[in-house]
Amino acid sequence: MRKKLHMPSGVPCLLAVLLLFGYMAYVMGLTNMLNTLMRTAHDLLLNTVFYLMAICVLTGALSKIFIEFGVVDLLQKLLRPIMKPLFNMPGVASLGAVLTFLSDNPAIISLSQNKHFARYFKRYQHVSLVNFGTAFGMGLIVIVFMIGQGYYAAPFIGFFGAICGCIISTRLMQYFTCKMYPSYRDEDALTPDEMHELEEEEAELMAGGKDSNSLFIRILNALLDGGKSGVEVGLAIIPGVLIISTFVMMLTFGGSESVDAAGNAVVAYTGAAYEGTRFLPWLAGKVNFLFEWLFGFHAPELIAFPITALGAVGAALGLIPEFVRAGIIDGNAITVFTAMGMCWSGYLSTDAATLDSLGYRPLVSKALLSTFIGGIAAGIISHWLYVAIMALAGTLA
């Protein structure tokens, strides 16, 4: 009886790597490909990563100040009345929106694991916190970055689109969860034993006073601690920006334009940063009519942003300066990028780990699907809202 031959486990990976680099080397030339790879990553590190890290440090310090002096609690109280009708979540969930907006979507992990916070949730609502937090992740950084590119109204239109996408994503996750586990609709997020332990802890903590530190020390500690957390976020986005953005750019942009001896414009590969094979635009061009109608993308290269945002929104932001230099970006694209960047915010790299840490691993696929649909909806809504607002502004003018 013949034995079946099995392909060694490392062969598919090796073939994929050889296919990717072989394709780029064939189009660009091996030496040019390697030079472009290194120079693009180096330029991204110096001109994009450090800029993003600076934003992370400043926003981290601001968020810590807000937490220390009760601004977050104030926002929670102001947002509480709209949480139930919009998101089908208790009012305290607004705290998760504020914290993830000021930092990143993994901030929802520590908050969800806090028993004082989780006590207000039913189990199906507790699961959907993953989608809810993801849709607001890095929101402040995304908006500030877009404003830094010279766009002021578009990011806020995109923010509204992200909220709409968040509603869809969160409620879809709640629907899928209740369908898969009907008992979760009535179960509390905390078990009776956990609730009992929490009540005992609260009874023991009846005594306690205000922090005796002076106002200056409290401000200084908040700024330094917040800035430190910003550095950690900035360091965490380096692999995503350098690895994902580099390869996405090399599959998005073409060669450098030059002039030959006859004075004709030609495209050649020189090994400079941001050269590439234009594979993604070619692929997107096959269905560009769909992206143009749904999102208003007039250049196929723009599809690289949402593709990158699936894995890391920080890496996706690294694409924006090159889009600006190429002259292919406009207010509509910024609006859609803001909405989809916030609503997805690298969920492929965080949602699974978040759900696993909360003990809901079987629901990972449902969370990914819900977030994907929510992001698409956010992009569509923000695009058509931008079109409507621009049309209205033109009419009033």
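Helix H8 (residues 139-148) is largely enclosed by the rest of the structure, because seven of its ten residues are buried. Here, buried means under 20% relative accessible area, exposed means over 50%, and partly exposed lies in between (1.4 Å probe, protein chains only). Helices (H or I, at least four residues) and strands (E, at least two) are DSSP runs, numbered from the N terminus. This is a predicted model, in which local features need pLDDT of at least 70, side-chain atom pairs count only at pLDDT 80 or more, and totals for chains, interfaces and linings use all residues. Residues are numbered from 1 along each chain as its sequence is written, and side-chain values use heavy atoms, with hydrogens and water left out.

**Helix H8 and what follows**

- The buried residues of H8 are Gly 139, Leu 140, Ile 141, Val 142, Ile 143, Phe 145 and Met 146.
- Just after H8 comes Gly 150, which has a positive phi of about 100 degrees.

**The whole protein**

- If you count the elements, you will find 20 helices and two strands.
- The radius of gyration is 24 Å, close to the 21 Å that the globule rule gives for 397 residues, so the protein is as compact as a globular protein of that length. That radius is taken over C-alpha atoms, and the rule is 2.2 Å times the number of residues to the power 0.38.
- Along the principal axes, the C-alpha atoms fill a box of roughly 85 × 80 × 45 Å.
- Of the 397 residues, 46% count as buried.
- Contact means heavy atoms within 4.5 Å. Among contacts between residues at least 6 apart in sequence, 78% join residues at least 24 apart.
- The protein exposes about 19600 Å², and carbon and sulfur atoms supply 67% of that area. Accessible areas come from the Shrake-Rupley method with a 1.4 Å probe; for residues, only the protein chains shown count as cover.
- There are 23 positive and 27 negative side chains, and the centres of the two sets lie 8 Å apart. Lys and Arg count as positive and Asp and Glu as negative, while His and the chain ends are not counted. Each charge is placed at NZ of Lys, CZ of Arg, CG of Asp or CD of Glu.

**Cysteines**

- A disulfide is a covalent bond between the sulfur atoms of two cysteines. The search for one looks for a pair of cysteine sulfur atoms within 2.5 Å, and across the whole structure it finds zero disulfides.
- Cys 164 is buried because its relative accessibility is 17%, whereas Cys 13 has 51% and counts as exposed.

- Thr 36 sits in helix H2 (residues 30-68), and its relative accessibility of 0% makes it buried.
- Leaving aside neighbours within four places in sequence, Thr 36 is in contact with Met 28, Met 250, Gly 271, Ala 272, Tyr 274 and Glu 275.
- One of those partners, Tyr 274, is found in the loop between strand S2 (265-268) and helix H13 (279-285). Tyr 274 is buried, with a relative accessible area of 11%, and its phi is near 70 degrees, a positive value in a residue other than glycine.
- Ala 273 also lies in the loop between S2 and H13, but at 28% relative accessibility it counts as partly exposed. Leaving aside neighbours within four places in sequence, Ala 273 is in contact with Arg 39 and Thr 40.

**Buried residues in other loops**

- Ala 189 is in the loop between helix H9 (154-180) and helix H10 (192-204), and its relative accessible area of 8% makes it buried.
- How far apart in space are Ala 189 and Tyr 124? Their C-alpha atoms are 7.9 Å apart, although the two are 65 residues apart in sequence.
- Asn 88 belongs to the loop between helix H3 (71-87) and helix H4 (93-102). Its relative accessible area is 14%, so Asn 88 is buried, and its phi is near 55 degrees, a positive value in a residue other than glycine.
- Ile 237 has its place in the loop between helix H11 (215-236) and helix H12 (238-250), and is buried with a relative accessible area of 11%.
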